[in-house]
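Here is a short briefing on selected features of one protein chain. Please look over the sequence and the structure before reading on.

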Amino acid sequence: MVQNLWDKAKAAGLSGLDELVYRSNLIGADRRVCNWGGGNTSAKMTVRDFRGREIEVMFVKGSGSDLATARASSFTGLRMEDIRPLFEREDMTDEEMVAYLAHCMIDAKHPRASIETLLHAFLPFRHVDHTHPDAIISICCADNGREVAREIFGDRFVWVPYIRPGFRLSKMIAQGVLANPKAELVLMEKHGLVTWGDTAEECYARTIRVIQEAEAYIEARVDEAKLFGGRKFEPLPADVRRRLAAEVMPLVRGAVSAEGRRMILSFDDGEDVLRFVCGRDSERLSQIGAACPDHLVHTKVKPLFVDWTPDEGDAEGLKRKLREGIAAYKEQYKAYFERNKNEGDVMFEPAPRVILVPGLGMINTGKSLAMARVSGALYHRAIAVMRGATALGNFVSLSENEAYNVEYWPLELYKLTLAPPEAEFSRQVALITGGAGGIGSATARRLAAEGAHVVLADLNLEGARKVADEINGKYGEGRALAVRMDVTDEEAVRAAFREAALYYGGVDILVNNAGLATSSPIEETTLQEWNLNMNVLGTGYFLAAREAFILMKEQGIGGSMVFIASKNAVYAGKNASAYSAAKALEAHLARCIATEGGPYGIRVNTILPDAVLQGSQIWNSRWREERAAAYGIKPEELEEYYRKRTTLLVNVFPEDIAEGVAFFASSRAAKTTGCMLTVDGGVPAAFAR
């Protein structure tokens, strides 16, 4: 049951807009109370305008923000003296209303006013909450919802038939409340809840109390044994679910991606999801429609429910069902678009955002992991609503045409335009071996800065996690993942790619970077030293490239590999036969894979750095002393020695190599494969000849 989270001590020092932010964050903190990105809160207060006059202003959450993370800048202030006359109007189009409200704003820098602004303005209360609680929407999406509401709330509620948000709905709500002096709440059919209060605390407390009343009524009527028609299947064991999901997600990712618009995937096998996908009636329920209009932009009107009988050994059968199901879903979505489109509409990607698999769980898709998780979070809410609605009566949804008009509603689509433009590596996943090191971490930061999701694979898991935490802190949770990988261990390499597939759906870019270095005259080079170089720099690069190739081929949407070799791949390094031979192996291996990858759109290129000392674990080992000894200088003189031997008289830094990786992996090198790029400041001995 939802809880009242109001903290009198925290709220005591708050007033005005700060108090509204506090209340909003509490509401958004529990997704059972309000959907991600949905709902809005308001407060009417007196402020001084730019001329010093006291005026009544309503602050309401603007478009494009989420109550859980809303800040003062998320709210729009509007002059009430400009808004009140609108109540006398008969009607107003969305476009007219948006244009009018723009003139009512006290600050042009505030976000655009929500389509539900007038809902708050027309109600004669200081504080108003509009939310989408699971329990309330369960009532509002039950075919007998109005009768159920009467049993729970008596004459304390106003029931408003479904119409799309805007002027008419706002006026209808206000008229219903004014006509019922006993009203404490408004139930919006197939939509949500409106509550109010004289103080922020009273408004919030009423919101929670109303939800608790609805929850208690529903829970008393839930029969767990008959939920979703009873169990049809049993969930597969947890380890089997994860293994199967990792195996099929690259195929799914390829199937739901379009040219230039790859999708990131997430996997969810939460208890409520498993209960739903294993239900006897769940496939039918899932196809009735969305549980709330706010879901549509992120979940589409319906999910794909895969016709598959859970079998832990049937990976190929599941792949076939997924391939067929996604193809059929796309055709059905195109037909839905054609049946309902309005002039000027441009079809979204026709692939599903929510994929339900009996016994396995839910796969979600989005332009980023964050957006994939949003579609998943909203479907958790849909499951909760169907659970409640079917305990009360029959679950009902919007008509197909109304669902379409909400999905392609210009005012809803406006929110999507608030997102920043996609960068070069948006929608792409890069796996970087040696991700904790100097070049690896610099490459991860460089790619993440242009939108990539990055997997930092390293024996040094703690170091990889430190870099991943830094990237997630800067760009948002889920942008980076740290995994342990020993590139010489075949199973460890496979496990790392499985983890990447499970977390993001696949891999688009492999940066083969893990390394070490040793230095010995040939007569002192032991077999152990030789094998160490070959195992890490040869076999390790082979294993990582092979697994990436298999995964990219399964996705079917191309990919890019960048090998970090060395100047020594083309130049015979003194006292470094094992290292130099292994680096030459890397460079030629890359060319070999490039020839095989061409037909699948898989490009493979190589960067040849030299003397990248900063942040390098290799150069902090005995290698520094060994190379200094080879040149007859002191270790501390090595950096200057390397600078002076370059034509450009420069040192090479990890960021320079990262820039080369970014070029090879980018669209700018779309027609380049099997190429080697030297980034060494210009060492004449390594010039190609």
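**Helix packing, a cavity and aromatic pairs**

Helix H6 (134-140), strand S5 (157-160), strand S6 (185-188), helix H9 (200-219) and helix H15 (369-392) are among the elements that cover the buried residues of H7. The model is predicted.

**Helix H7**
- H7 spans residues 145-153, and its buried residues are Gly145, Val148, Ala149, Ile152 and Phe153.
- These residues lie on the same side of H7, because they cover an arc of only 110° around the axis.
- Gly154 follows H7. The phi of Gly154 is positive, near 60°.

**Cavities**
- The structure holds four cavities of 30 Å³ or more.
- The second largest cavity has about 80 Å³ of space.
- Its lining counts 14 residues. Nearest the centre of this cavity lie Gly289, Ala290, Ala291, Tyr379 and Ala382.
- Helix H12 (282-286) and H15 each supply at least two residues of that lining.
- H15 gives the largest share, three residues. H15 is also among the elements that cover the buried residues of H7.
- By class, eight lining residues of the second largest cavity are nonpolar, four are polar and two are charged.

**Helix H16**
- H16 (residues 400-407) is mostly covered, with six of its eight residues buried.
- The buried residues of H16 are Glu402, Ala403, Tyr404, Asn405, Val406 and Glu407.
- One of them, Tyr404, also belongs to an aromatic cluster. The cluster is formed by Tyr333, Tyr336, Phe337, Phe348, Tyr404 and Tyr408.

**Aromatic pairs**
- With ring centres within 6.5 Å as the cut-off, the count comes to 17 aromatic pairs.
- Phe87 and Phe122 form an edge-to-face pair, at 5.1 Å centre to centre and 70° between the planes.
- Phe87 lies in the loop between helix H3 (80-83) and helix H4 (94-104), and Phe122 lies in helix H5 (residues 117-122), so this pair ties together parts that are 35 residues apart in sequence.
- Phe122 is buried, with a relative accessible area of 9%.
- Phe122 also pairs with Phe167. This pair is edge-to-face as well, at 6.0 Å centre to centre and 90° between the planes.
- Phe167 is buried, with a relative accessible area of 1%.

Notes
Residues numbered from 1 in each chain as written. Predicted model: local features only at pLDDT ≥ 70, side-chain atom pairs only at ≥ 80, totals over all residues. Heavy atoms only, no water. Buried < 20%, exposed > 50% of the residue type's maximum accessible area, 1.4 Å probe, protein only. Helix = DSSP H or I, 4+ residues; strand = E, 2+ residues; numbered from the N terminus. Arc of directions from axis to C-beta. Contact = heavy atoms within 4.5 Å. 1 Å grid on protein atoms, 1.4 Å probe; cavity = no way out; pocket = protein on both sides within 12 Å on 5 of 7 lines; lining within 4 Å. Points joined across faces, edges and corners; volume = space filled by probe spheres on them. Nonpolar A, V, L, I, M, F, W, Y, C, P; charged D, E, K, R; others polar. Phe/Tyr/Trp six-rings, centres within 6.5 Å; stacked < 30°, edge-to-face > 60°.
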